[in-house]
Amino acid sequence: MSADVQLDNVWVQFGDFVAVRDASLTIEGGEFFSFLGPSGCGKTTLLRAISGFQEPSRGRVLIGGKDMAGIGPNQRPTALIFQNLALFPLMTVWENISFALEVKGVDKAARRKKADELLELVALPGQGEKMVHELSGGQKQRVAVARALCAEPEVLLLDEPLSALDLKLRQHMRTELRAIQQRAGITFIYITHDQGEALTMSDRVAVMRQGVIDQIGDGTTVYDHPETAFVASFVGENNSFSGKVMEVANGFAQVETKVGVMRARISDAAPLNRGDKAIVFVRPEALDFSDAARKENSMEVTLTHQEFEGHFWHLVLQAESGPKIRMSVMNDGSSGVHETGAKVSVAFSAQSAIALAPRSEEHTSELQSPCNLVC
């Protein structure tokens with residue numbers, strides 16, 4: 001069974017510091033939902049508010065339509081997996097998994113049966129008699145998920161559970177976690193600063209900055225159609241060209257930058273007008289050598305550096321004026337793309353770039369009025 005989670009105008013304040021500001025959204029039952037953002041943006045604070053370990057200063061948290069005000073963590077239909085997993089080292093795997101049932105007084109045979117069912121669910125059949133120290137990092141992750149599911153929560157909360165794993169194991173566990181969530185059919189709420197995790201696993205992602213949710217959408221939307229300069233710069237890698245809007249027509253803007261006039265699409269959610277300051281964002285993979293002169297956004301640049309990363313060559317380019325430009329080229333088996341120091345032409349289409357307003361002013365650390373905390 002799964003439940004939806006609703007945040008209704010949630011604020012969390014510690015003294016004069018506002019950790020979460022006016023968070024409002026609905027997470028659907030059975031959805032894999034991620035909060036993505038840099039350290040200190042408020043994502044873990046929101047998770048604590050959902051779990052009951054932190055009371056909101058203002059606003060409501062509803063789970064399955066029920067207001068959670070005054071309901072402690074042990075009474076909520078949630079289970080929380082911490083970064084360090086907190087498995088019991090002196091218990092076997094099956095004892096770890098079924099601990100919640102032991103607390104409830106369930107007999108050993110029933111506990112063992114439930115643990116074996118969950119081991120099957122997390123693809124660890126026959127591992128129940130092992131001790132925790134005999135497991136790999138990925139196996140420990142799956143045991144922690146199984147233990148949380150044993151409590152039969154309607155919502156599973158995961159606070160950066162893959163952060164301690166090496167790259168290949170993290171990538172493997174993304175697939176595993178998503179598969180487990182789909183088999184279990186319950187709501188997963190995932191906290192991460194790793195955009196790869198969020199984009200790979202999630203049905204939807206909320207990108208956070210300084211306690212505020214900047215954008216909510218599926219991975220493709222957040223990556224290809226950012227609505228703020230922060231989302232464009234934080235989610236994936238982007239080249240940015242600051243300038244001034246010269247003209248807006250048919251969903252595109254002409255922006256005058258230090259490297260020339262650029263044409264880029266604009267967002268319906270963040271419209272621009274003539275004379276506005278703007279930043280044109282272009283993904284490294286959107287730049288192209290082929291037919292550069294025939295594309296609408298063409299630049300003459302110098303190749304200053306190139307890095308080989310297996311499937312990609314990452315090139316650093318420098319125009320006569322303006323910032324360094326990064327470009328990604330698929331590795332086709334050749335030894336390199338161009339010689340360092342070569343003069344080359346690169347270009348991108350207007351459709352593959354987006355023009356957005358610069359970041360808004362930083363949020364103040366105080367709520368608008370002391371009454372917000374008590375009224």
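This report describes selected helices, aromatic pairs and single residues of a predicted model.

Residues are numbered from 1 along each chain as its sequence is written.

## Helix α1

Helices here are DSSP runs (H or I, at least four residues), strands are runs of E (at least two), and both are numbered from the N terminus. Helix α1 spans residues 43–51. It is largely enclosed by the rest of the structure, because 7 of its 9 residues are buried. Buried means under 20% relative accessible area, exposed means over 50%, and partly exposed lies in between (1.4 Å probe, protein chains only). The buried residues of α1 are Lys-43, Thr-45, Leu-46, Leu-47, Ala-49, Ile-50 and Ser-51. Just after α1 comes Gly-52, with a positive phi of about 100°.

## Helices α4 and α5

Two packed helices are described by the angle and the distance between their axes. Helix α4 covers residues 108–121 and helix α5 covers residues 137–150. Their axes come within 9 Å and cross at roughly 130°. That makes α4 oblique to α5. Axes are lines fitted to C-alpha atoms, for helices over the stretch in contact, with angles from 0 to 180 degrees between N-to-C directions. Angles under 35 degrees count as roughly parallel, over 145 as roughly antiparallel, 65 to 115 as roughly perpendicular, and the rest as oblique.

On the α4 side, the contact is made by Lys-114, Leu-118 and Leu-121. On the α5 side, Ala-146, Leu-149 and Cys-150 take part. Contact means heavy atoms within 4.5 Å.

The loop between α4 and α5 holds Ala-123. Its phi is near 60°, a positive value in a residue other than glycine. Ala-123 counts as partly exposed, at 38% relative accessibility.

## Aromatic pairs

The whole structure has 6 aromatic pairs. Rings of Phe, Tyr and Trp (its six-membered ring) pair if their centres lie within 6.5 Å; planes under 30 degrees apart count as stacked, over 60 as edge-to-face, and the rest as tilted. Two of the pairs are listed here.

| Pair | Centre to centre | Angle between planes | Type |
|---|---|---|---|
| Phe-32 and Tyr-190 | 5.9 Å | 40° | tilted |
| Phe-308 and Trp-313 | 4.9 Å | 50° | tilted |

Phe-32 lies in strand β3 (residues 32–36) and Tyr-190 in strand β8 (residues 187–192), so their pair ties together parts that are 158 residues apart in sequence. Phe-32 is buried at 0% relative accessibility. Tyr-190 is buried too, with a relative accessible area of 0%. Phe-32, Phe-188 and Tyr-190 form one aromatic cluster.

In the other tabulated pair, Phe-308 counts as exposed at 51% relative accessibility. Trp-313 is buried, with a relative accessible area of 10%.

Glu-160 sits in the loop between β7 (155–159) and α6 (167–184). Its phi is near 45°, a positive value in a residue other than glycine. Glu-160 counts as buried, at 12% relative accessibility.

Val-301 belongs to strand β15 (residues 297–308). Val-301 is buried, at 2% relative accessibility. Its C-alpha atom is separated by 4.4 Å from that of Ala-319, 18 residues apart along the chain. Leaving aside residues up to four places away in sequence, Val-301 touches Leu-317, Gln-318, Ala-319, Ile-325, Ala-342, Lys-343, Val-344 and Val-346.

Methods. This is a predicted model: local features need pLDDT of at least 70, side-chain atom pairs count only at pLDDT 80 or more; totals for chains, interfaces and linings use all residues. Side-chain values use heavy atoms; hydrogens and water are left out.
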